[in-house]
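Here are my notes on this one, as numbered points you can check against the viewer.

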Amino acid sequence: MFAIIETGGKQYRAEPGAKLRVEKLEAEAGQTVEFDALLLGGEKTVVGNPIVPGAKVVAEVVGHGKGRKIRVMKFKAKVQYRRKRGHRQPYTEIVVKEIRA
């Protein structure tokens, strides 16, 4: 069985035991968090409108970190204008414990 969850403006496929890197959550390492399920799949698929009633995904926070550095460049031709900045997006790593349907 799997579920589709939404957090941080993105959707993720969650299965029990799966490790996911989601947008940063305000939760400490070792704490459990719950997400609403948008879709349940497996033998029988249930689509929510917008969420499946009574369905929750329980996950445990493993830790926090920062992603790979990306470089953002600005450039204008013929005027010697160049700007270079870097960015590292923070994330939270979670492990899906169970899907309650």
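1. Confidence. pLDDT is the predictor's confidence in each residue, on a scale from 0 to 100. Helices (H or I, at least four residues) and strands (E, at least two) are DSSP runs, numbered from the N terminus. With that in hand: among the elements of the protein chain, strand E5 (residues 46-47) has the lowest mean pLDDT, 91, and E8 has the highest, 98. The chain as a whole averages 95, and 100% of the residues score at least 70.

2. Ground rules. This is a predicted model, in which local features need pLDDT of at least 70 and side-chain atom pairs count only at pLDDT 80 or more, while totals for chains, interfaces and linings use all residues. Residues are numbered from 1 along each chain as its sequence is written, and side-chain values use heavy atoms, with hydrogens and water left out.

3. Strand E9 and its partners. Two strands pair if DSSP finds at least two bridges between them. Strand E3 (residues 19-23) is joined to E9 by five bridges, and the two run antiparallel. E9 also pairs with E6 in the antiparallel sense, over ten bridges. For specific partners, Val-22 is bridged to Thr-92 in E9, and Val-61 to Ile-94 in E9.

4. Thr-92. This residue is found in strand E9 (residues 90-100). Buried means under 20% relative accessible area, exposed over 50%, and partly exposed in between (1.4 Å probe, protein chains only). Thr-92 has 0% relative accessibility, so it counts as buried. Contact means heavy atoms within 4.5 Å. Leaving aside neighbours within four places in sequence, the contacts of Thr-92 include Leu-20, Val-22, Leu-25, Val-61 and His-64. A polar atom of the Thr-92 side chain lies 2.9 Å from the backbone nitrogen of Leu-25.

5. Is strand E7 (residues 70-76) buried or in the open? It lies largely in the open, because the number buried among its seven residues is zero. Seven bridges join E7 to strand E8 (residues 81-87), and the two run antiparallel. They form a hairpin with four residues between them.

6. Lys-78 is exposed, with a relative accessible area of 85%, and Gln-80 is exposed at 65%.

7. Charges over rings. The criterion is NZ of Lys or CZ of Arg within 6 Å of the ring centre and within 35 degrees of the ring normal. Lys-76 stands opposite Tyr-81 in E8, and Lys-76 also lies over the face of Tyr-81, at 5.4 Å from the ring centre. The charged end of Arg-13 sits over the ring of Phe-2, 3.9 Å from its centre.

8. Around Phe-2. Phe-2 lies in strand E1 (residues 2-7). Phe-2 and Pro-16 are 14 residues apart in sequence, and their C-alpha atoms are 7.6 Å apart in space.

9. Where is the cis peptide bond? The bond from Asn-49 to Pro-50 is cis, with omega near 0°, and Pro-50 lies in the loop between E5 and strand E6 (56-66). Val-52 has its place in the loop between E5 and E6 as well. Val-52 is buried, with a relative accessible area of 7%. Residues up to four places away in sequence aside, Val-52 touches Ala-37, Leu-38, Leu-39, Leu-40, Val-46 and Val-47. By contrast, the C-alpha atoms of Val-52 and Lys-69 are separated by 37 Å, at 17 residues apart along the chain.

Note on methods. A polar contact is a pair of N or O atoms within 3.5 Å; within protein, one must be able to donate a hydrogen and the other to accept it, and residues adjacent in sequence count only if both atoms are side-chain atoms.
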